[in-house]
Amino acid sequence: MLRELSFTDDRKLIEQFRRDCYKGTLNRVLDDFDEKAHHFALFDEHEEIQAMARILRSDEVQPFELFLEPKAQGLALPTHGLGLESSRVCAKDGSAGTYLLRLCLGVNDYAVRSRADYLIAKTVPHLLPIYLQFGFKVFGEPFISDWFSDNRTVFPIMYRWDNEPPAAEDDSVFVW
């Protein structure tokens, strides 16, 4: 089950889960975005967290975290509509595939309910093909992220929703 966490109430839980998942490769486990972010955790049937993500909203945070990466060049976002950024996504060892997919579906539900127009993130090369199958597009050159201590190359990716309202059905009745 996916639940939104309160950073104020669940700060220690969020911090510890990230520490366990990233195993020292994340330069700052918590940052200034955490207080403004929406945090989501996927729980199993035993109420243990299996995966976690945070979402930043363009109507609450500017600029997004991705745009503070010194080596990210030439990135441009749509100029209108609600944008989301997914970051600090992590899962327990051995569960990444299954639980991250469920987490992504939950984040998608949140985005649809929020009427988001797009979602940006960054991903590592071995996960890029999966995101491309989900409909994400690369929207900039790959770069080495300063947020990780292991010289990790990441790709900036974007997913766009079509938020056009469905065309009204014509309920006219013609009589001869």
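Tyr131, Phe136, Tyr159 and Trp161 form one aromatic cluster. Rings of Phe, Tyr and Trp, the last by its six-membered ring, pair if their centres lie within 6.5 Å; planes under 30 degrees apart are stacked, over 60 edge-to-face, and the rest tilted. This is a predicted model, where local features need pLDDT of at least 70 and side-chain atom pairs pLDDT 80 or more, while totals for chains, interfaces and linings use all residues. Numbering runs from 1 along each chain as its sequence is written, and side-chain values use heavy atoms, with hydrogens and water left out.

The whole structure has five aromatic pairs. One of them is Tyr22 with Phe148, a tilted pair at 6.0 Å centre to centre and 40° between the planes. Tyr22 is in helix H1, and Phe148 is in the loop between strand E7 (143-144) and strand E8 (153-160), 126 residues apart. Helices (H or I, at least four residues) and strands (E, at least two) are DSSP runs, numbered from the N terminus. Tyr22 and Phe148 are both buried, where buried means under 20% relative accessible area, exposed over 50%, and partly exposed in between, with a 1.4 Å probe and protein chains only.

Phe40 and Tyr110 also make a tilted pair, at 5.0 Å centre to centre and 55° between the planes. Phe40 lies in strand E2 (residues 38-43) and Tyr110 in helix H2, so this pair ties together parts 70 residues apart in sequence. Phe40 and Tyr110 are both buried.

Now the strands. Two strands pair if DSSP finds at least two bridges between them. E3 and E4 run antiparallel and are joined by six bridges, with Met52 opposite Cys90 in E4. E4 and E5 run parallel, with three bridges, and Leu84 stands opposite Leu119 in E5. Of the nine residues in E4, eight are buried.

Next, the cysteines. How many disulfides are there? A disulfide is a pair of cysteine sulfur atoms within 2.5 Å, and by this rule the count is zero. For Cys21, the nearest cysteine sulfur is that of Cys90, 4.0 Å away. That distance is too far for a bond. Cys21 counts as buried because its relative accessibility is 17%; Cys90 is buried too, at 5%.

On to the pockets. On a 1 Å grid over the protein atoms alone, a pocket is an open set of points where a 1.4 Å probe fits, with protein on both sides within 12 Å along at least five of seven lines; lining residues have an atom within 4 Å of a point. The largest pocket holds about 760 Å³ of space. Its lining has 32 residues, and Val89, Cys90, Leu100, Leu127 and Tyr131 lie nearest the centre. E4 gives the largest share of that lining, six residues. By class the lining of the largest pocket has 19 nonpolar, seven polar and six charged residues.

The second largest pocket has a volume of about 340 Å³. Of its 17 lining residues, Cys104, Leu105, Asn108, Phe134 and Phe136 are the closest to the centre. H2 gives the most to this lining, with seven residues. Which classes make up the lining of the second largest pocket? There are 15 nonpolar, two polar and no charged residues.

How values were computed. Grid points are joined across faces, edges and corners, and a volume is the space filled by probe spheres set on the points. Ala, Val, Leu, Ile, Met, Phe, Trp, Tyr, Cys and Pro count as nonpolar, Asp, Glu, Lys and Arg as charged, and the others, Gly among them, as polar.
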